[in-house]
Amino acid sequence: MNILIIGDFSNFHVSLSEGLTELGQNVTLMSDGCRWMNTRRDIDIRRHPGKLGAVSYLARLISLLPRIRGWDVVYIHTPTFLHLKPLKVKFFFDYLRRNNRMVVFSMINTDYYYVKACLDCTTFAYSDFRIGTEPSPHALLYPRRELEWTSPSMKVLADDVVQKSDVIIPCLWEYVKAYEKVAPEKVRYGGIPIDTHNIEQRVIEHEPRKVRFFLGYHNDRMELKGTDRIMEVLKRVVARHPGEAEMELVCNVPYAEYVERLNSSHVLLDQLYSYTPATNALLGMARGMVAVTGAEPEYYDFIGEHENRPIVNISPIVEGDIENKLEWIIANKSRLPELSRRSVEFVKKHNDTRVIAEKHLRYIAEFWGKKKD
């Protein structure tokens, strides 16, 4: 098939495109490179700042209209897959729907229906926006953001995408739960693709003398992902154990540099308000690092993994949980080689690019058949 993928987030669509290509599909990737991450793309649609940047961006998209029609499958990664106001995005989405055989919504980023699920305080015990029934630190710091995500224009766009997409393939358990409330007949879980074949593995062979912790973060997303709280605790714990622990903090670097910076560390810290390990954690695990992030029993049960659960789960609703888990790692650093090996096995089984791409092709075939019916 000829497949056009529009947009990217944390190298997700790059990895998916590589898996699909390996399985014989003809894939073209159109994105802005995830801003500073500068990820690979075939068609560049960066938006530069200012009014001139806005005008040139819109002109660029209009000029690309002939190139985004006539595809067997078109992917978008979120309803707001272009850096435009919702009603303008809707124009381009409707154009894609009219002029291509199938539209896949891969659901890999925050959107209207995910935020609505966070705010109902029943779908999740905690989320980016609520801890129990109370606003999260992110919601308190940026109170307008949940209003922006749930605005009438966002709902119009989200409803259009849900109604007109052929299949919705969320990458996280949380996104599945959100969209099962909206269009359960279209939802199929995908997972996050990691290119395990081209990642240099550095499995921890022996108990390290010092545990080296790694924390990479986006400056404008620290409160959203709980990185601010993780960093605060990490600094405190490392200061208590100068002879047994050290840390590396990396902020807003290009993707290639970020991957290179992972090499010398043993433990990667990622997200606090997540039930599911996301791209950063899985990338580190594929290299042999031990991940400290969200990995709740609901997630493991959902993917059918009952034996190998190597992720050090941290919870925002358990008092002192981050500190206790980091202290446990330092006190039990002899366990790191075993957790390292099991982490690699976990990602190969559940998140290898070919594994995820095969799922996507099965779902495309399933809904392609329904279209013919």
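About 50 Å³ of space lies in the second largest cavity. A cavity here is a set of points on a 1 Å grid over the protein atoms alone where a 1.4 Å probe fits but cannot get out, and its volume is the space filled by probe spheres set on those points, joined across faces, edges and corners. This is a predicted model, in which local features need pLDDT of at least 70, side-chain atom pairs count only at pLDDT 80 or more, and totals for chains, interfaces and linings use all residues. Residues are numbered from 1 along each chain as its sequence is written, and side-chain values use heavy atoms, without hydrogens and water.

Which residues line the second largest cavity? They are Ile6, Met30, Leu61, Ile68, Phe81, Leu82, Phe92 and Leu96, where lining residues have an atom within 4 Å of a point. This lining has eight nonpolar residues, no polar and no charged; Ala, Val, Leu, Ile, Met, Phe, Trp, Tyr, Cys and Pro count as nonpolar, Asp, Glu, Lys and Arg as charged, and the others, Gly among them, as polar.

## The largest cavity

The largest cavity holds about 530 Å³ of space. Of its 35 lining residues, Phe9, Ser10, Arg221, Gln271 and Asn280 lie nearest the centre. The lining counts 19 nonpolar, 11 polar and five charged residues.

## The sheet

Now to the strands (DSSP runs of E, at least two residues, numbered from the N terminus). Six of them form an open, parallel sheet in the order β3-β2-β1-β4-β5-β8; two strands pair if DSSP finds at least two bridges between them. At the edges, β3 (43-44) and β8 (167-168) each pair on one side only.

Strands β1 (residues 2-6) and β4 (residues 73-76) pair over four bridges, with Ile3 opposite Val73 in β4.

Conventions
On a 1 Å grid over the protein atoms alone, a cavity is a set of points where a 1.4 Å probe fits but cannot get out, and a pocket is an open set with protein on both sides within 12 Å along at least five of seven lines; lining residues have an atom within 4 Å of a point.
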